Amino acid sequence: MSVIDEVTSANDQYADGFTKGDLPMPPGRRFAVVTCMDARLDPAKFLGLEEGDAHVIRNAGGLVNDETIRSLVISHHLLGTQEAIVIGHTDCGMLTFTNDDLHGKLGPESESIDFQPFPDVDARVRQSVATIQSAPLLPDSYAATGFVYDVTTGKLNAV
Ligand code: ZN
């Protein structure tokens, strides 16, 4: 069975039991989550989210960068979220390489790209929270809180 067969089969089952076709666009619980794309993290499960509850913005590392701020500005100003939860995690792949490593592996075409690796998850989460708090297009009332998810226990720890 190919990946496409697997996911379309799973979706057939999901759609068969689907009863949430009338949810409004704005997230009902009025918050956004920023977290890593790591396959071991399932924010809906570990945060108790249902469809329609929250925006979940994911990228390699769960970084708050210009692209994340773009999403959060839309999330707040157009869709009513009032706070963001930034979640890094233990054993993150972004700890395992440097820009020089990846530039060496991928060659000259990659050298203009900052892949934004980091050596310390707690510090990077704190930096991301500070980036949200100082973003000129998000109001002072827009809260940001940081956590590190432990992939060995499933537990969130505040940073
Ligand atoms: Zn990660």
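A: Let me begin with F46, which is buried at a relative accessible area of 19%, where buried means under 20% relative accessible area, exposed over 50% and partly exposed in between, computed with a 1.4 Å probe on protein chains only. This is a predicted model, in which local features need pLDDT of at least 70 and side-chain atom pairs count only at pLDDT 80 or more, while totals for chains, interfaces and linings use all residues. Residues are numbered from 1 along each chain as its sequence is written, and side-chain values use heavy atoms, with hydrogens and water left out.

Q: OK, and which ring has its centre 4.3 Å from that of F46?

A: That is the ring of Y149, and the planes are at 25 degrees, so the pair is stacked; rings of Phe, Tyr and Trp (its six-membered ring) pair if their centres lie within 6.5 Å, with planes under 30 degrees apart counted as stacked, over 60 as edge-to-face and the rest as tilted. F46 sits in helix α2 (residues 43-47) and Y149 in strand β4, 103 residues apart, so that the pair links distant parts of the chain. Y149 counts as buried, at 8% relative accessibility.

Q: How many aromatic pairs does a search of the whole structure find?

A: The search finds two aromatic pairs. Y14 and F18 form a tilted one, with 5.5 Å centre to centre and 45 degrees between the planes. Y14 counts as partly exposed at 42% relative accessibility, and F18 is partly exposed as well, at 40%.

Q: Switching to the metal: what coordinates the zinc ion?

A: The zinc ion is coordinated by C36 through SG, H89 through NE2 and C92 through SG, at 2.0 to 2.3 Å. Donors here are N, O and S atoms within 2.8 Å of the metal (3.2 Å for Na, K and Ca), and since water is not among the atoms, sites may look incomplete. Along the chain the donors follow the spacing C-x52-H-x2-C. C36 lies in strand β1 (residues 31-36) and C92 in the loop between β3 (83-89) and α4 (99-106), so the pair ties together parts that are 56 residues apart in sequence.

Q: Are those two cysteines, C36 and C92, buried or exposed?

A: Both C36 and C92 are buried.

Q: And what is D38 in contact with?

A: Leaving aside neighbours within four places in sequence, D38 is in contact with R58 and H89, contact meaning heavy atoms within 4.5 Å. D38 lies in the loop between β1 and α2 and is buried, with a relative accessible area of 14%.

Q: What about salt bridges, how many does the search find?

A: There are seven in the whole structure, each being a side-chain nitrogen of Lys or Arg within 4 Å of a carboxyl oxygen of Asp or Glu. One of them joins K20 to E50, with the closest N and O atoms 3.2 Å apart. This pair links distant parts of the chain, since K20 is in the loop between α1 and β1 and E50 in the loop between α2 and β2 (54-59), 30 residues apart. K20 is partly exposed at 28% relative accessibility, and E50 is partly exposed at 48%.

Q: Where does the E67 and R70 pair sit?

A: Both residues are in helix α3 (residues 66-77), three residues apart, and are thus separated by about one helical turn. E67 is partly exposed at 43% relative accessibility, as is R70 at 46%. Elsewhere, salt bridges that share partners join K20, E50 and E51 into one network.

Q: Last one: what is the overall layout, in helices and strands?

A: The chain has five helices and five strands, taken as DSSP runs numbered from the N terminus, with helices (H or I) of at least four residues and strands (E) of at least two. Read along the sequence, the pattern is α-β-α-β-α-β-α-α-β-β. The C-alpha trace spans about 50 × 50 × 35 Å along its principal axes, and buried residues make up 35% of the 159 residues in the chain.
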